[in-house]
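Welcome, and please take a moment to look at the structure shown here. We will walk through it together, a few places at a time.

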Amino acid sequence: MKIAVLGGDGFCGWPASLHLSDLGHDVLVVDNLSRRRIDEELGASSLTPIVSPQERVAAWQEVSGRTITFVELDVAQDYDGLVDLLLAQRPDAVVHFAEQRAAPYSMKSPAHKRYTVDNNVNATHNLLAALVETGLDAHLVHLGTMGVYGYGTAGMKIPEGYLPVQVVTHEGEQVEQEILYPTNPGSVYHLTKCLDQQLFAYYAKNDRLRITDLHQGIVWGTHTDQTARDERLVNRFDYDGDYGTVLNRFLMQAAVGYPLTVHGTGGQTRAFIHIRDMVRCVQIALENPPARGDKVKIFNQMTQTHRVRDLAELVAGLSGATVEMVPNPRHEAAENDLHVRNDTFLDLGLEPTFLEEGLLLEVEEVARRYAHRADLEKIPCTSVWTAEQRPGVPSRHPQPVAGG
(Lines give C-alpha, C1' and ligand atoms only; values in the text may rest on other atoms or scores of the structure.)
Protein backbone atom coordinates (compact mmCIF):
# COMPACT_ATOMS: atom_id res chain seq x y z
CA MET A 1 0.00 0.00 0.00
CA LYS A 2 0.93 3.62 -0.34
CA ILE A 3 0.40 5.08 3.13
CA ALA A 4 0.53 8.75 4.13
CA VAL A 5 1.41 9.16 7.81
CA LEU A 6 0.32 12.59 9.02
CA GLY A 7 2.35 13.60 12.06
CA GLY A 8 4.94 11.00 11.10
CA ASP A 9 7.81 12.79 12.85
CA GLY A 10 6.27 12.40 16.31
CA PHE A 11 6.52 10.00 19.24
CA CYS A 12 4.02 7.52 17.77
CA GLY A 13 4.19 8.57 14.13
CA TRP A 14 7.89 7.95 13.58
CA PRO A 15 8.09 4.34 14.84
CA ALA A 16 4.80 3.56 13.06
CA SER A 17 6.22 4.94 9.80
CA LEU A 18 9.35 2.80 10.12
CA HIS A 19 7.33 -0.30 10.97
CA LEU A 20 5.07 0.13 7.94
CA SER A 21 8.02 0.82 5.64
CA ASP A 22 9.79 -2.28 6.96
CA LEU A 23 6.73 -4.31 5.95
CA GLY A 24 7.22 -3.12 2.38
CA HIS A 25 4.66 -0.34 2.20
CA ASP A 26 5.36 2.91 0.35
CA VAL A 27 5.37 5.43 3.22
CA LEU A 28 4.98 9.20 2.97
CA VAL A 29 5.65 11.12 6.20
CA VAL A 30 3.82 14.47 6.43
CA ASP A 31 4.60 16.79 9.35
CA ASN A 32 4.85 20.50 10.10
CA LEU A 33 7.45 19.89 12.86
CA SER A 34 5.34 21.71 15.46
CA ARG A 35 6.35 19.21 18.15
CA ARG A 36 9.99 20.23 17.69
CA ARG A 37 8.99 23.88 18.04
CA ILE A 38 7.08 23.06 21.22
CA ASP A 39 10.39 21.71 22.58
CA GLU A 40 11.85 25.15 21.99
CA GLU A 41 8.85 26.84 23.63
CA LEU A 42 9.06 24.63 26.73
CA GLY A 43 12.85 24.53 26.84
CA ALA A 44 12.63 20.75 27.27
CA SER A 45 13.98 18.68 24.41
CA SER A 46 13.75 14.93 24.00
CA LEU A 47 16.02 13.00 26.36
CA THR A 48 17.19 11.06 23.32
CA PRO A 49 18.94 13.14 20.64
CA ILE A 50 16.66 13.09 17.61
CA VAL A 51 18.07 14.20 14.28
CA SER A 52 16.24 16.15 11.57
CA PRO A 53 13.53 14.46 9.48
CA GLN A 54 15.83 14.56 6.47
CA GLU A 55 18.58 12.77 8.41
CA ARG A 56 16.09 10.27 9.75
CA VAL A 57 14.79 9.19 6.35
CA ALA A 58 18.33 9.12 4.90
CA ALA A 59 19.47 6.88 7.77
CA TRP A 60 16.49 4.57 7.24
CA GLN A 61 17.32 4.18 3.55
CA GLU A 62 20.94 3.45 4.48
CA VAL A 63 20.15 0.71 7.00
CA SER A 64 17.07 -0.81 5.34
CA GLY A 65 17.34 -0.04 1.64
CA ARG A 66 13.78 1.34 1.79
CA THR A 67 12.67 4.87 1.00
CA ILE A 68 10.44 7.05 3.13
CA THR A 69 9.45 10.39 1.60
CA PHE A 70 9.18 13.41 3.92
CA VAL A 71 6.95 16.41 3.16
CA GLU A 72 6.68 19.42 5.47
CA LEU A 73 3.04 20.54 5.48
CA ASP A 74 0.64 21.96 8.05
CA VAL A 75 -2.55 19.96 7.51
CA ALA A 76 -4.46 22.09 10.03
CA GLN A 77 -3.77 25.36 8.20
CA ASP A 78 -2.89 24.55 4.59
CA TYR A 79 -6.02 22.87 3.24
CA ASP A 80 -5.17 23.52 -0.41
CA GLY A 81 -1.71 22.05 0.11
CA LEU A 82 -3.27 18.95 1.66
CA VAL A 83 -5.66 18.53 -1.28
CA ASP A 84 -2.80 18.92 -3.76
CA LEU A 85 -0.72 16.38 -1.85
CA LEU A 86 -3.51 13.81 -1.79
CA LEU A 87 -4.16 14.24 -5.51
CA ALA A 88 -0.47 13.97 -6.35
CA GLN A 89 0.28 10.98 -4.10
CA ARG A 90 -3.12 9.19 -4.15
CA PRO A 91 -2.48 7.12 -1.01
CA ASP A 92 -4.38 3.92 -0.34
CA ALA A 93 -4.50 4.78 3.36
CA VAL A 94 -3.90 7.79 5.60
CA VAL A 95 -2.74 7.36 9.19
CA HIS A 96 -3.64 10.49 11.17
CA PHE A 97 -1.30 11.34 14.07
CA ALA A 98 -1.21 15.09 13.29
CA GLU A 99 -2.61 16.42 16.58
CA GLN A 100 -1.19 18.07 19.70
CA ARG A 101 -1.09 15.04 21.99
CA ALA A 102 -0.46 16.21 25.57
CA ALA A 103 -3.26 16.81 28.07
CA PRO A 104 -1.09 18.98 30.38
CA TYR A 105 0.08 21.15 27.48
CA SER A 106 -3.54 21.67 26.43
CA MET A 107 -4.34 23.01 29.91
CA LYS A 108 -1.42 25.41 30.39
CA SER A 109 -3.34 28.59 29.55
CA PRO A 110 -6.29 29.90 27.50
CA ALA A 111 -3.95 30.27 24.52
CA HIS A 112 -2.78 26.64 24.77
CA LYS A 113 -6.39 25.46 25.03
CA ARG A 114 -7.33 27.44 21.93
CA TYR A 115 -4.28 26.24 20.04
CA THR A 116 -5.06 22.60 20.85
CA VAL A 117 -8.67 22.91 19.67
CA ASP A 118 -7.78 24.92 16.56
CA ASN A 119 -4.97 22.58 15.57
CA ASN A 120 -6.53 19.22 16.35
CA VAL A 121 -10.06 19.81 15.11
CA ASN A 122 -8.89 21.68 12.01
CA ALA A 123 -6.41 18.94 11.13
CA THR A 124 -9.07 16.25 11.39
CA HIS A 125 -11.78 18.15 9.56
CA ASN A 126 -9.42 19.35 6.83
CA LEU A 127 -8.44 15.74 6.20
CA LEU A 128 -12.05 14.52 6.05
CA ALA A 129 -13.11 17.36 3.76
CA ALA A 130 -10.07 16.79 1.55
CA LEU A 131 -10.84 13.08 1.17
CA VAL A 132 -14.36 13.97 0.05
CA GLU A 133 -13.20 16.71 -2.34
CA THR A 134 -10.53 14.54 -3.98
CA GLY A 135 -12.81 11.53 -4.24
CA LEU A 136 -10.07 9.24 -2.89
CA ASP A 137 -11.30 5.99 -1.36
CA ALA A 138 -8.42 5.99 1.13
CA HIS A 139 -8.82 4.19 4.46
CA LEU A 140 -8.37 6.71 7.28
CA VAL A 141 -6.81 5.33 10.49
CA HIS A 142 -6.86 7.82 13.35
CA LEU A 143 -4.93 7.67 16.61
CA GLY A 144 -7.44 8.58 19.28
CA THR A 145 -7.33 8.02 23.03
CA MET A 146 -8.92 5.96 25.77
CA GLY A 147 -9.49 9.33 27.44
CA VAL A 148 -12.63 9.91 25.36
CA TYR A 149 -14.37 7.53 27.76
CA GLY A 150 -13.23 9.26 30.93
CA TYR A 151 -12.00 7.06 33.75
CA GLY A 152 -15.16 5.59 35.21
CA THR A 153 -16.62 2.26 34.12
CA ALA A 154 -20.20 2.32 35.46
CA GLY A 155 -19.58 -1.20 36.78
CA MET A 156 -18.94 -2.65 33.31
CA LYS A 157 -16.09 -3.15 30.87
CA ILE A 158 -15.86 -0.18 28.53
CA PRO A 159 -16.89 -1.48 25.09
CA GLU A 160 -15.08 -0.72 21.87
CA GLY A 161 -16.75 2.52 20.92
CA TYR A 162 -20.42 1.53 20.82
CA LEU A 163 -22.99 0.90 23.52
CA PRO A 164 -26.30 -0.96 23.02
CA VAL A 165 -29.14 0.89 24.74
CA GLN A 166 -32.87 0.49 25.17
CA VAL A 167 -35.11 3.50 24.66
CA VAL A 168 -38.68 3.58 25.97
CA THR A 169 -41.01 5.47 23.63
CA HIS A 170 -43.89 7.65 24.86
CA GLU A 171 -46.14 4.69 24.08
CA GLY A 172 -44.15 2.44 26.41
CA GLU A 173 -42.51 0.43 23.63
CA GLN A 174 -38.87 -0.60 24.14
CA VAL A 175 -36.63 0.17 21.16
CA GLU A 176 -33.05 -1.09 20.93
CA GLN A 177 -30.41 1.24 19.54
CA GLU A 178 -26.63 1.41 19.37
CA ILE A 179 -24.93 4.70 20.27
CA LEU A 180 -21.37 5.93 20.63
CA TYR A 181 -20.25 5.27 24.18
CA PRO A 182 -20.87 8.56 26.07
CA THR A 183 -17.79 10.73 26.15
CA ASN A 184 -16.36 12.19 29.34
CA PRO A 185 -13.17 14.10 28.48
CA GLY A 186 -10.73 15.00 31.24
CA SER A 187 -8.85 17.79 29.45
CA VAL A 188 -9.11 20.05 26.40
CA TYR A 189 -6.84 17.59 24.56
CA HIS A 190 -9.24 14.73 25.32
CA LEU A 191 -12.14 16.99 24.34
CA THR A 192 -10.67 17.38 20.83
CA LYS A 193 -10.57 13.60 20.44
CA CYS A 194 -14.25 13.48 21.40
CA LEU A 195 -14.98 16.06 18.70
CA ASP A 196 -12.95 13.97 16.25
CA GLN A 197 -15.18 11.00 17.02
CA GLN A 198 -18.31 12.95 16.08
CA LEU A 199 -16.70 14.19 12.86
CA PHE A 200 -15.79 10.62 11.91
CA ALA A 201 -19.32 9.34 12.58
CA TYR A 202 -20.79 12.07 10.37
CA TYR A 203 -18.43 11.62 7.42
CA ALA A 204 -18.74 7.82 7.51
CA LYS A 205 -22.53 8.19 7.41
CA ASN A 206 -22.83 11.11 4.99
CA ASP A 207 -19.91 10.53 2.60
CA ARG A 208 -19.23 6.81 3.12
CA LEU A 209 -15.62 7.38 4.11
CA ARG A 210 -13.83 4.32 5.44
CA ILE A 211 -12.57 5.20 8.93
CA THR A 212 -10.94 3.36 11.84
CA ASP A 213 -10.53 5.15 15.18
CA LEU A 214 -7.96 3.72 17.60
CA HIS A 215 -8.72 4.60 21.21
CA GLN A 216 -5.21 4.22 22.58
CA GLY A 217 -3.92 3.88 26.10
CA ILE A 218 -0.75 5.47 27.48
CA VAL A 219 2.31 4.41 25.47
CA TRP A 220 5.41 3.24 27.29
CA GLY A 221 8.74 1.88 26.10
CA THR A 222 11.36 3.32 23.80
CA HIS A 223 12.61 0.98 21.10
CA THR A 224 10.89 -0.83 18.28
CA ASP A 225 12.76 -3.31 16.10
CA GLN A 226 13.29 -0.54 13.56
CA THR A 227 14.29 2.39 15.81
CA ALA A 228 16.93 0.22 17.50
CA ARG A 229 18.86 -0.36 14.27
CA ASP A 230 20.72 2.96 14.25
CA GLU A 231 21.02 5.82 16.75
CA ARG A 232 19.86 8.22 14.05
CA LEU A 233 16.52 6.38 14.03
CA VAL A 234 15.99 6.68 17.80
CA ASN A 235 12.52 7.70 18.93
CA ARG A 236 11.60 10.64 21.13
CA PHE A 237 11.83 10.18 24.91
CA ASP A 238 9.78 12.86 26.64
CA TYR A 239 10.26 13.21 30.39
CA ASP A 240 8.98 16.71 31.16
CA GLY A 241 5.81 17.43 33.09
CA ASP A 242 3.81 18.25 29.96
CA TYR A 243 4.74 15.48 27.52
CA GLY A 244 6.36 12.71 29.55
CA THR A 245 4.06 9.67 29.81
CA VAL A 246 3.82 8.42 33.35
CA LEU A 247 5.71 5.10 33.23
CA ASN A 248 8.53 6.41 31.01
CA ARG A 249 8.73 9.42 33.31
CA PHE A 250 9.10 7.20 36.39
CA LEU A 251 11.85 5.16 34.72
CA MET A 252 13.72 8.31 33.72
CA GLN A 253 13.41 9.73 37.23
CA ALA A 254 14.81 6.50 38.65
CA ALA A 255 17.72 6.60 36.20
CA VAL A 256 18.80 10.11 37.22
CA GLY A 257 18.16 9.73 40.96
CA TYR A 258 15.07 11.93 41.09
CA PRO A 259 12.15 10.90 43.36
CA LEU A 260 9.26 9.30 41.50
CA THR A 261 6.58 12.01 41.48
CA VAL A 262 3.12 10.53 42.07
CA HIS A 263 0.22 12.96 41.65
CA GLY A 264 -2.32 12.96 44.46
CA THR A 265 -2.91 9.53 45.96
CA GLY A 266 -1.66 7.74 42.87
CA GLY A 267 -5.02 5.98 42.78
CA GLN A 268 -5.64 6.80 39.13
CA THR A 269 -6.00 3.66 37.01
CA ARG A 270 -4.90 4.05 33.41
CA ALA A 271 -4.73 1.88 30.28
CA PHE A 272 -1.28 1.17 28.83
CA ILE A 273 0.29 -0.21 25.67
CA HIS A 274 3.93 -0.85 24.78
CA ILE A 275 5.25 1.09 21.80
CA ARG A 276 5.97 -2.16 19.93
CA ASP A 277 2.32 -3.14 20.26
CA MET A 278 1.25 0.35 19.15
CA VAL A 279 2.95 -0.01 15.76
CA ARG A 280 1.60 -3.54 15.36
CA CYS A 281 -1.94 -2.32 16.10
CA VAL A 282 -1.67 0.34 13.41
CA GLN A 283 -0.60 -2.38 10.99
CA ILE A 284 -3.52 -4.63 11.98
CA ALA A 285 -6.00 -1.78 11.59
CA LEU A 286 -4.68 -1.00 8.10
CA GLU A 287 -4.96 -4.66 7.12
CA ASN A 288 -8.59 -4.87 8.27
CA PRO A 289 -10.38 -1.80 6.87
CA PRO A 290 -14.13 -1.23 7.05
CA ALA A 291 -16.14 -1.45 3.85
CA ARG A 292 -17.43 1.69 2.19
CA GLY A 293 -20.68 2.62 3.91
CA ASP A 294 -19.80 0.90 7.19
CA LYS A 295 -19.91 2.79 10.46
CA VAL A 296 -16.58 3.84 11.95
CA LYS A 297 -14.53 0.92 13.24
CA ILE A 298 -13.43 1.63 16.82
CA PHE A 299 -10.72 -0.42 18.53
CA ASN A 300 -9.56 -0.04 22.12
CA GLN A 301 -5.80 0.00 21.58
CA MET A 302 -4.50 -1.07 24.98
CA THR A 303 -3.16 -4.22 26.60
CA GLN A 304 -3.18 -3.65 30.38
CA THR A 305 -4.47 -1.34 33.08
CA HIS A 306 -2.39 -0.27 36.08
CA ARG A 307 -2.82 1.99 39.08
CA VAL A 308 -0.24 4.78 39.06
CA ARG A 309 1.00 4.22 42.62
CA ASP A 310 1.47 0.53 41.86
CA LEU A 311 3.70 1.43 38.92
CA ALA A 312 5.72 3.78 41.13
CA GLU A 313 6.19 1.06 43.74
CA LEU A 314 7.24 -1.41 41.03
CA VAL A 315 9.84 0.97 39.58
CA ALA A 316 11.05 1.92 43.05
CA GLY A 317 11.51 -1.75 43.93
CA LEU A 318 13.54 -2.38 40.77
CA SER A 319 15.68 0.74 41.00
CA GLY A 320 15.86 1.70 44.65
CA ALA A 321 14.29 5.09 43.87
CA THR A 322 12.16 6.91 46.42
CA VAL A 323 8.52 7.84 45.85
CA GLU A 324 7.23 11.35 46.48
CA MET A 325 3.53 12.21 46.58
CA VAL A 326 2.84 15.65 45.06
CA PRO A 327 -0.39 17.64 44.54
CA ASN A 328 -2.43 16.44 41.59
CA PRO A 329 -2.67 19.19 38.92
CA ARG A 330 -5.63 17.48 37.25
CA HIS A 331 -9.31 17.86 38.06
CA GLU A 332 -10.21 14.20 38.57
CA ALA A 333 -11.27 11.65 41.14
CA ALA A 334 -8.51 10.65 43.55
CA GLU A 335 -9.20 6.95 42.92
CA ASN A 336 -10.78 5.13 40.00
CA ASP A 337 -11.12 1.66 38.55
CA LEU A 338 -10.87 1.03 34.83
CA HIS A 339 -12.08 -2.08 33.02
CA VAL A 340 -11.74 -2.16 29.25
CA ARG A 341 -12.55 -4.53 26.41
CA ASN A 342 -9.84 -5.03 23.77
CA ASP A 343 -11.16 -8.14 22.04
CA THR A 344 -10.82 -6.92 18.46
CA PHE A 345 -7.04 -6.62 18.33
CA LEU A 346 -6.60 -9.88 20.23
CA ASP A 347 -8.96 -11.65 17.81
CA LEU A 348 -6.98 -10.20 14.88
CA GLY A 349 -3.71 -11.65 16.15
CA LEU A 350 -2.12 -9.12 18.50
CA GLU A 351 0.20 -10.85 20.95
CA PRO A 352 0.39 -8.29 23.76
CA THR A 353 3.63 -7.09 25.29
CA PHE A 354 2.97 -7.07 29.03
CA LEU A 355 4.79 -5.19 31.75
CA GLU A 356 8.05 -7.07 32.29
CA GLU A 357 11.10 -6.36 34.40
CA GLY A 358 13.37 -6.69 31.37
CA LEU A 359 11.47 -4.12 29.36
CA LEU A 360 11.36 -1.73 32.32
CA LEU A 361 15.10 -2.06 32.71
CA GLU A 362 15.52 -1.49 28.95
CA VAL A 363 13.77 1.88 29.26
CA GLU A 364 15.78 2.77 32.35
CA GLU A 365 18.99 1.90 30.50
CA VAL A 366 18.06 4.30 27.70
CA ALA A 367 17.38 6.97 30.31
CA ARG A 368 20.73 6.34 32.01
CA ARG A 369 22.56 6.52 28.70
CA TYR A 370 21.22 9.99 28.00
CA ALA A 371 20.90 11.22 31.60
CA HIS A 372 23.40 14.00 30.90
CA ARG A 373 20.78 15.59 28.62
CA ALA A 374 18.14 15.80 31.35
CA ASP A 375 17.02 19.12 32.81
CA LEU A 376 15.67 18.19 36.25
CA GLU A 377 13.80 21.48 36.53
CA LYS A 378 11.52 20.35 33.69
CA ILE A 379 10.33 17.19 35.46
CA PRO A 380 7.54 18.68 37.66
CA CYS A 381 4.17 19.25 36.00
CA THR A 382 3.35 22.95 36.21
CA SER A 383 0.16 22.90 34.11
CA VAL A 384 -3.01 22.88 36.21
CA TRP A 385 -6.60 22.14 35.30
CA THR A 386 -8.56 24.81 37.19
CA ALA A 387 -8.15 28.47 38.10
CA GLU A 388 -8.33 27.56 41.80
CA GLN A 389 -5.12 25.53 41.43
CA ARG A 390 -3.27 28.31 39.66
CA PRO A 391 -1.29 30.75 41.81
CA GLY A 392 -1.87 34.40 40.94
CA VAL A 393 -3.66 35.64 37.84
CA PRO A 394 -2.89 33.73 34.62
CA SER A 395 -1.47 35.64 31.69
CA ARG A 396 -3.97 36.38 28.93
CA HIS A 397 -1.26 36.46 26.28
CA PRO A 398 1.03 33.38 26.42
CA GLN A 399 2.58 32.32 23.15
CA PRO A 400 2.26 28.63 22.24
CA VAL A 401 3.72 27.63 18.94
CA ALA A 402 1.77 28.05 15.73
CA GLY A 403 0.89 25.26 13.33
CA GLY A 404 -0.46 21.76 13.71
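Predicted model: local features only at pLDDT ≥ 70, side-chain atom pairs only at ≥ 80, totals over all residues.

Residues are numbered from 1 along each chain as its sequence is written, and side-chain values use heavy atoms, with hydrogens and water left out.

Let us begin with helices; here helices (H or I, at least four residues) and strands (E, at least two) are DSSP runs, numbered from the N terminus. Helix H1 (residues 13-22) and helix H3 (residues 53-64) have axes that come within 12 Å and cross at roughly 30 degrees. That makes H1 roughly parallel to H3. For these angles, axes are lines fitted to C-alpha atoms, for helices over the stretch in contact, and the angles run from 0 to 180 degrees between N-to-C directions. Angles under 35 degrees count as roughly parallel, over 145 as roughly antiparallel, 65 to 115 as roughly perpendicular and the rest as oblique. On the H1 side, the contact (heavy atoms within 4.5 Å) is made by Trp14, Leu18, Ser21 and Asp22, and on the H3 side by Arg56, Val57 and Trp60. The residues of this contact of H1 with H3 comprise four nonpolar, one polar and two charged. In this sorting, Ala, Val, Leu, Ile, Met, Phe, Trp, Tyr, Cys and Pro count as nonpolar, Asp, Glu, Lys and Arg as charged, and the others, Gly among them, as polar.

Now move along to helix H8 (residues 246-256) and helix H12 (residues 357-369), which pack at an angle of about 55 degrees with their axes 8 Å apart. H8 and H12 are therefore oblique to each other. H8 contributes Leu247, Asn248, Leu251, Met252, Ala254 and Ala255 to the contact, and H12 contributes Leu360, Val363, Glu364, Ala367 and Arg368. Eight nonpolar, one polar and two charged residues make up this contact of H8 with H12.

Is Thr222 buried or exposed? At 5% relative accessibility, Thr222 counts as buried; buried means under 20% relative accessible area, exposed over 50% and partly exposed in between (1.4 Å probe, protein chains only). Leaving aside its neighbours within four places in sequence, Thr222 touches Thr227, Asn235, Phe237, Ile275, Glu362, Val363 and Val366.

Next come the aromatic rings. Rings of Phe, Tyr and Trp (its six-membered ring) pair if their centres lie within 6.5 Å; planes under 30 degrees apart count as stacked, over 60 as edge-to-face and the rest as tilted. By this rule there are five aromatic pairs. Tyr202 and Tyr203 form an edge-to-face pair, 5.4 Å centre to centre with 90 degrees between the planes. Tyr202 is partly exposed at 40% relative accessible area, whereas Tyr203, at 11%, counts as buried. Phe299 and Phe345 are also edge-to-face, at 4.7 Å and 75 degrees. This pair links distant parts of the chain, with Phe299 in strand S12 (residues 297-301) and Phe345 in helix H11 (residues 343-347), 46 residues apart. Both Phe299 and Phe345 are buried.

Finally, visit helix H2 (residues 34-42), whose buried residues are Ser34, Arg35, Arg36, Ile38, Asp39 and Leu42. Their cover includes strand S2 (26-31), H3, helix H5 (103-106) and helix H6 (110-134).
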